[in-house]
Amino acid sequence: MAIIIKTAQEIGLIRESCRRLADVFQNLEQAVKPGMSTMEINILGDQMIRKHGCIPNFLHYNGYPASICVSVNEEVVHGIPRKKRILQEGDIVSLDAGLIYKGYHSDMARTFAIGKISKATQQLIDVTRQSFFEGIKKARAGNHLHDISNNIDAYIKPYGYGIVRDLVGHGIGTKLHEDPQIPNFAQMRRGPKLRPGMTLAIEPMVNMGRADVEWLEDDWTVVTEDGSWSAHYENTILVTDGEPEILTLYEAGAIQAASGE
């Protein structure tokens, strides 16, 4: 495993890549609504990325045909946008995307409610989001990578949800996926020691039912095996000598949540 420690200059470029991506997501959150097709979301997101002078890094990545992964309800990740897939009141939609700015990647994901959703579904979204913040409490230099994984697992477990095991977080930099892989479930070993300058994409994927997933015939869309709904929350972060820096953050109040205040 070769984990790349970023220089100050590289960190600056990744930070700017993430800032632009966060702006895209903030605008997408305001745009998604009932009656919108998943293809419309993809087109809008692609346009926003390019207006920032950036390249959508998901487009054609290993053959993926779109710029924004749009996954609805029981779709966990990598949903392919379609003109005929229309968002309905009460749905949830997970958007996962990244961009390239001057050769450096960013990556983030959010699950949004479409109109009014049930309390149980809102809890799934909230727990998935908070599990990220519980995880990064351990994302400090001197701790170990799997301290993050174990904290995510420990927070989710009392809710009885299934934590997806077939897909994990990852390092990020001049490539979308770098070492290390970052599981969202408890590990027996501690993993590598965290050092300042590591840039990581941490992304809990949580199912309301069992953890088991399967791939559809398009070879991309991952769905829950039992048909239960799923939520996804991801940020690109920077490990520092102190608190981790969340590079793709835009929600009000999230910094306080990260520090446990």
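Predicted model: local features only at pLDDT ≥ 70, side-chain atom pairs only at ≥ 80, totals over all residues.
The secondary structure of the chain comprises five helices and 15 strands. The C-alpha trace extends over about 50 × 45 × 35 Å along its principal axes. Of the 261 residues, 56% count as buried, where buried denotes a relative accessible area under 20%.

Helix α3, formed by residues 119-136, packs against helix α4, formed by residues 145-156, at an angle of about 145°, and the axes of the two helices are 8 Å apart. The crossing of α3 and α4 is right-handed. On the side of α3, the contact is made by Val127, Gln130, Ser131, Glu134 and Gly135, while α4 contributes Ile148, Asn151, Ile152, Tyr155 and Ile156. In terms of residue class, this contact between α3 and α4 consists of five nonpolar, four polar and one charged residue.

Turning to the strands, an open sheet of three strands is found in the order β3-β12-β11, and the pairing within this sheet is antiparallel. Strands β3 (75-77) and β11 (213-215) form the edges, each of them pairing on one side only. Neighbouring strands of the sheet are turned against each other by 40° on average, with direction ignored. Within this arrangement, β3 is joined by two bridges to strand β12, which covers residues 222-224, and the two strands run antiparallel; Val77 has Val222 as its bridge partner in β12.

A further antiparallel pair is formed by strand β7, residues 169-171, and strand β8, residues 178-182, which are joined by three bridges. In this pair, Gly169 has Ile182 of β8 as its bridge partner. Strands β7 and β8 form a hairpin, with six residues between them. In general, the strands of a sheet pair through backbone hydrogen bonds, in either a parallel or an antiparallel manner; for both β7 with β8 and β3 with β12, the direction is antiparallel.

How values were computed: Residues numbered from 1 in each chain as written. Heavy atoms only, no water. Axes fitted to C-alpha atoms, helices over the stretch in contact; angles between N-to-C directions. Helix = DSSP H or I, 4+ residues; strand = E, 2+ residues; numbered from the N terminus. Left-handed = near helix turned anticlockwise from the far one by under 90°. Contact = heavy atoms within 4.5 Å. Nonpolar A, V, L, I, M, F, W, Y, C, P; charged D, E, K, R; others polar. Pairing = 2+ DSSP bridges. Buried < 20%, exposed > 50% of the residue type's maximum accessible area, 1.4 Å probe, protein only.
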